[in-house]
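Look at the sequence and the fold before reading on.

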Amino acid sequence: MAFLPGKTSSTFPVIAGSGTFCVNVLTTDQEWICRALSVSGGDKFAEVPWRPGPHGDPVIDGAVAWIGRTIEAVHDAGDHRIVIGRVDDLDADSTASPLLFFQSRYNQLVSA
C-alpha cells in the first residue's frame with residue numbers, strides 16, 4: 001500500500017521524520033473527518049477523536065479499519081511523492097461501511 005503526498009505537504013515531513021504512518025479507512029458517517037483532515041495547515045486532529053496506534057500514529061476512533069505501516073521507500077513522482085509502507089499492524093470492523101471518494105464525490109457501497 002502506498003500514499004501520494006504532494007511535495008508542498010506540510011504533514012509529510014513529520015511522517016517522514018517518524019518513519020511510520022497509519023492508514024485509516026473511514027466510515028460513511030465520518031465524511032466530516034475526511035474534510036477536516038484534507039485542509040492545509042492548522043491542527044487537523046483538534047476535533048477528531050483518535051488514539052495512538054502501536055507506533056504512536058493516529059488511529060481514528062470508529063474507523064472501519066486502520067493499517068499501521070513503516071516507510072519502506074519514497075519515490076519522486078512529479079509534484080508528488082509515492083510513499084511505500086510495510087504493514088506492521090492492522091485491525092478492522094467488518095460491520096461498518098467504508099466511505100469512498102470516487103469521481104470527485106463521496107459515495108458508499110450498496111448491497112447487490
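How do the residues of the lining of the largest cavity divide into nonpolar, polar and charged? They divide into 5 nonpolar, 3 polar and 2 charged. Here Ala, Val, Leu, Ile, Met, Phe, Trp, Tyr, Cys and Pro count as nonpolar, Asp, Glu, Lys and Arg as charged, and the others, Gly among them, as polar.

This is a predicted model, where local features need pLDDT of at least 70, side-chain atom pairs count only at pLDDT 80 or more, and totals for chains, interfaces and linings use all residues. Residues are numbered from 1 along each chain as its sequence is written, and side-chain values use heavy atoms, with hydrogens and water left out.

**Cavity**
- A search of the whole structure finds 1 cavity of 30 Å³ or more. A cavity is a set of points, on a 1 Å grid over the protein atoms alone, where a 1.4 Å probe fits but cannot get out.
- The largest cavity has a volume of about 40 Å³. Volume is the space filled by probe spheres set on the points, with grid points joined across faces, edges and corners.
- Its lining residues (an atom within 4 Å of a point) are Phe21, Cys22, Gly53, Pro54, His55, Asp57, Val59, Trp66, Gly68 and Asp89.
- Strand 2 (20–25) and strand 5 (65–77) each give at least two residues to this lining. Strands are DSSP runs of E, at least two residues; helices are runs of H or I, at least four; both are numbered from the N terminus.

- The largest pocket holds about 1,400 Å³ of space. Closest to its centre, out of 36 lining residues, are Phe3, Thr11, Ile15, Cys22 and Leu37.
- Two or more lining residues come from each of helix 1 (12–18), strand 2, helix 2 (31–37), strand 4 (58–60) and strand 7 (99–102).
- Strand 2 gives the most, with 6 residues.
- By class, the pocket lining has 24 nonpolar, 10 polar and 2 charged residues.
- A pocket is an open set of points with protein on both sides within 12 Å along at least five of seven lines.

**Cysteines**
- The structure holds 0 disulfides (cysteine sulfur pairs within 2.5 Å).
- The sulfur of Cys22 is 15 Å from the closest cysteine sulfur, in Cys34, so the two are too far apart for a bond.
- Cys22 is buried, at 18% relative accessible area. Cys34 is partly exposed, at 25%.
- Buried means under 20%, exposed over 50% and partly exposed in between (1.4 Å probe, protein chains only).
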